[in-house]
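Thank you all for coming. I would like to take a few minutes on some side-chain and helix contacts, and then leave time for discussion.

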Amino acid sequence: MIVIILENVRSSVRGELSRWLFEVRAGVFTGRVSALVRDELWQLLSEKLGRGSALMIYPTNNEQGFAARSLGEPSRAVVDLEGLFLVQVK
Amino acid sequence: MARLRTLPKARDNISFLYFEHCRIEQEDRAIAIFQEKNKFLIPCASIATLLLGPGTNITHAAIKTLAESACEIHWVGEDLLRFYASGKGGSSNTERLQHQVNLWANSLDRLGVVRRMYEFRFDEQLPADLTLQQIRGHEGVRVRTLYSQLSKQTGVEWKTRDYKQDDWHDADDINRALSIANSCLYAVCQSAIHSVGYSPALGFIHTGKPLSFAYDVADLYKAETTIPAAFEAVASNSIDLETTVRRMCREKFASYRLMHRLVADIDRLLQYGNPDDEAEPFCFLWDDRLTYVEGGKNWGDEGEL
């Protein structure tokens, strides 16, 4: 299962994601995809993002049980500190 | 909400979080950590141990929040000197503590625990007729072999374990890495010991120090976690050895599922089995004939006067 959260992005980007995932709240997408599709979706976002930000959370075998990837300038960042993903606010 | 508070703190928790040169405050009933220009939000109820390095400031409200979240705090010096504080004080009853004390105080039972602790570290079963001295001999060989294997695998030179307590900065990289890694492991083991109410002082193999039992428990896991973590961290030649050591420790703790195993392993080694131990806390008055009588009651009304 993955969760992607978009902030302040062009509607075409949201539209692209909504082909693959359920948009359960404005800008919040979720679904179950294979690791390959997950990485492809992220690649797509990296190329098309433009303004705004994207955050993807997905399960992994680490201590926290999940990992995070970020693009752009979000209102809250998720940073890797010594192997833990922590939420950093301004 | 009250139910959430009484759920046992446990196996899914994050083992530790280390911060230095920062300010820690309560925020929205959780914790915020301010470091340089950054502010991090920390779910303290999901973390077992908070390790605070040099230069940290912490508020009263933050400590109260951490105590309520059953998150233990360890202050760690540059020379790895540690002070610790824990809040709610572990389990809500002393069943496990009493069990530990009874085993510890009886030589035969204590020996049984010692043997099980040594046997835990070996993959193969040890012959039942070995004396304790012979088991210690095997253990010595096992540890020496482990170090030399890791040294070969990682290419990190290994001479001897040297704690260098007087001159921390004089220690070589691998010894510093081992000390840092083991320091994390001791803190995590101590938290687990406290969280279910055992005493870290009453050790079986180790004796005489206030953390003897914590050393016993940590020794069960060093070969699979901190020792390889230290060697791999040094081998990686990173600029910041300390950070890398802690990162490697976290990886090893996770892949070995340390948090999941700790309490169950300790209970098994001490042969403690009480399915009811997460029941409501109770308090009794000790009695020399009946073992215990009900607490919270005025016995002056009982009529036996």
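I will begin with a helix pair and then turn to aromatic rings.

Before that, please note that this is a predicted model, in which local features need pLDDT of at least 70 and side-chain atom pairs count only at pLDDT 80 or more, while totals for chains, interfaces and linings use all residues. Residues are numbered from 1 along each chain as its sequence is written, chains are lettered from A and ligands numbered from 1 in the order in which they are written, and side-chain values use heavy atoms, with hydrogens and water left out.

In chain B, helix H3 (residues 95-105) packs against helix H4 (residues 107-121) at about 105°, their axes being 5 Å apart, and H3(B) and H4(B) are therefore roughly perpendicular (65 to 115 degrees). On the H3(B) side, Asn102(B), Leu103(B), Trp104(B) and Ala105(B) meet Ser107(B), Asp109(B), Arg110(B) and Val113(B) of H4(B), where contact means heavy atoms within 4.5 Å.

As for the rings, Phe120(B) and Tyr221(B) have centres 5.8 Å apart and planes at 80°, so the pair is edge-to-face (centres within 6.5 Å, planes over 60 degrees apart). That pair joins distant parts of the chain, since Phe120(B) lies in helix H4 and Tyr221(B) in helix H7 (residues 212-221) of chain B, 101 residues apart.

Definitions and conventions:
Axes fitted to C-alpha atoms, helices over the stretch in contact; angles between N-to-C directions. Helix = DSSP H or I, 4+ residues; strand = E, 2+ residues; numbered from the N terminus. Parallel < 35°, antiparallel > 145°, perpendicular 65-115°, else oblique. Phe/Tyr/Trp six-rings, centres within 6.5 Å; stacked < 30°, edge-to-face > 60°.
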